[in-house]
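Hello,

Here is the structure for you to take over. Please look through it first, then read the notes below.

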Amino acid sequence: MNVSIKRTAAFCAVMVYAGCIVSCTRRNGITASDAEVKEPLTVVMELAYPPFETKDADGNPTGISVDFARAFGTYIGRDIRIVDTQWDGLIPSLQTGRADMIISSMTITAARSKVVDFSVPYANSLLGILANRESCITKAEDLNRKGMKIAVKSGSTGFIFATENMTHADIITLADESACVTEVVQGKADGFFYDQLTVYRNWQAHQNTTTAIFVPFQKKENWGVAVRKGDTQLLEQVNRFIADFQSGGGFDRLTEKYLSEEKKAFDKFGFKWFFDLS
Amino acid sequence: MTIFTRKTKTAYVLNAVLAAVAVITLVWLSVLRLGITFDFRFIGDFSKRIGLGFRMTVEISICSLVLSLAAGILAAVLQSGKILFLKYLASVYIQFIRGTPLIMQIYLFFYIIGTAWGIENRILSGILILSAFEGAYIAEIIRAGFANIEKTQLEAARAVGFTRYQTVRLVILPQMIAGTLPPLVGQFSSLIKDSSLLSMIAVIELTQTMREISALNFRLFECYFFLGILYLALTLPLSFIGKQLEKRYAFEY
């Protein structure tokens, strides 16, 4: 054989060999083997939702969900690795195996349940409205008129509710909670659908320009912990942990640590508290 | 091994096929490793919204192209002009816009300057912001194109007695076109891609539409993959046209 043919053959052989090596090291997406039990558990959350998920002055994760995640780690004897991820990237992280759990104050919905498995509920999820003072809104239906503009955060339950129910209004979908609040404060939007706590806090911060509407306007929904579809072992552990944590008063301790002010305000308004699942 | 370097037809075809196979294999292997499946059926369900978003992107890009060309030419002329005040203004504009990220400019102009001066319409704001952004880059391209004209050309024009208008029309412009056309076409291509950032202020263009759809159906990969193909549908013809124009306007000195 002449040199040229030998070289081409050698080149092709190297390519095929390399291809085999790459395809053989396939990453298995589902954690099933016992050997992985002692590995750290990767929990993703969006650290932009104080006081549930946020960062401290040094940039380290802190908040209710962070403490909750670490308590779970202690319960099952594994280290917890918390990774900050944008909201729309949480479920994809789970789908691709970059993460094992989502603990990010995520509401259990039918659409989400099709792609991930949720734990038993651990908190209530109720929407409120941060409304611009000059828009004269007293209830959710007031926003469902032509010309009304509603700001929502992409992928949140506020987004889902607004797109399904507020059919006459213009829906402004933004990536950040802060952008949504800015839109309402500046009058570019008439209302912002989000959870009651954040609505309350932002109303407190912008009392001149906004009002808050807490009258419940949707069916009861709950937060849950999400795991990959089919990861039954982890799911059972989470469910047992949640029951244990609840009966042991873990949520009361978290409330005391992070939300004592807000709990007093909620009690005054007569609203059901987050962790009161009765 | 000369099959890889020969300039015969079979060599071209073979190498093109090999390149395509390499890319497809890489993507396919990556997907295989993750154990996920693709489902592109949503495109049919959402085709109307995707079509509207696509149209919006095209409209914004065309409007911004025209405005940014105007802004860029103006800034380039002012910057090389004699009135110092205007020259400094143009300089500040170009340096600031080129030196800061577009995301920051979008938020700054929309929520602060736009609100202050009453520009409520998102699409208009978006076009203005994008034009201002690309205009600064175009100003630099024009400045570079002008600087590449030999000084002797301008001297000769003066010697022959051309007026300023004649000099620009007969000497400067023809020689500048060859030099500035490729980067300008590239900048237009960038403009189309940069318009995707207007999704930050919820302008319902292509990227925002895809983001909203992916938030509903959790098919992030399929959505963004398809988005990439749609943007390529806009930028590939552009780069082809650019190459044709380049050939047409290139002339030997």
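**An exposed cysteine**

A:C136 is exposed, with 10 other C-beta atoms within 10 Å. The cut-offs are these: a residue is buried if 20 or more other C-beta atoms lie within 10 Å of its own, exposed if 12 or fewer, and partly exposed in between, with C-beta atoms placed from the backbone. This is a predicted model, in which local features need pLDDT of at least 70, side-chain atom pairs count only at pLDDT 80 or more, and totals for chains, interfaces and linings use all residues. Residues are numbered from 1 along each chain as its sequence is written, and chains are lettered from A and ligands numbered from 1 in the order in which they are written.

Where is A:C136? Its place is the loop between β8 (127–132) and β9 (149–153) of chain A. Helices (H or I, at least four residues) and strands (E, at least two) are DSSP runs, numbered from the N terminus.

**Backbone points**

Most residues other than glycine have a negative phi, and most peptide bonds are trans.

- A:C136 has a positive phi, near 55°.
- B:A202 has a positive phi too, near 60°. This residue sits in the loop between α8 (164–194) and α9 (206–217) of chain B. B:A202 counts as buried, because 28 C-beta neighbours lie inside 10 Å.
- The peptide bond from A:P50 to A:P51 is cis, with omega near -10°. A:P51 lies in the loop between β1 (41–45) and β2 (54–55) of chain A.

**Domains of chain A**

Chain A is divided into domain 1 (34–124 + 220–269) and domain 2 (127–213). The bounds come from an automatic or database domain assignment. Taken over C-alpha atoms, the centres of domain 1 and domain 2 of chain A are 26 Å apart. Domain 1 of chain A puts 8 residues into the contact, and domain 2 of chain A puts in 7. Contact means that the C-beta atoms of two residues, placed from the backbone, lie within 7 Å. On the domain 1 side there are 3 nonpolar, 2 polar and 3 charged residues. Ala, Val, Leu, Ile, Met, Phe, Trp, Tyr, Cys and Pro count as nonpolar, Asp, Glu, Lys and Arg as charged, and the others, Gly among them, as polar.

**Where the chains meet**

In chain B, 20 residues are in contact with 25 residues of chain A. Which element of chain B gives the most to this side? It is α9(B), with 5 residues. The elements giving two or more residues are α1 (9–34), α5 (102–116) and α9 of chain B. By class, the chain B side has 12 nonpolar, 5 polar and 3 charged residues.

Best wishes
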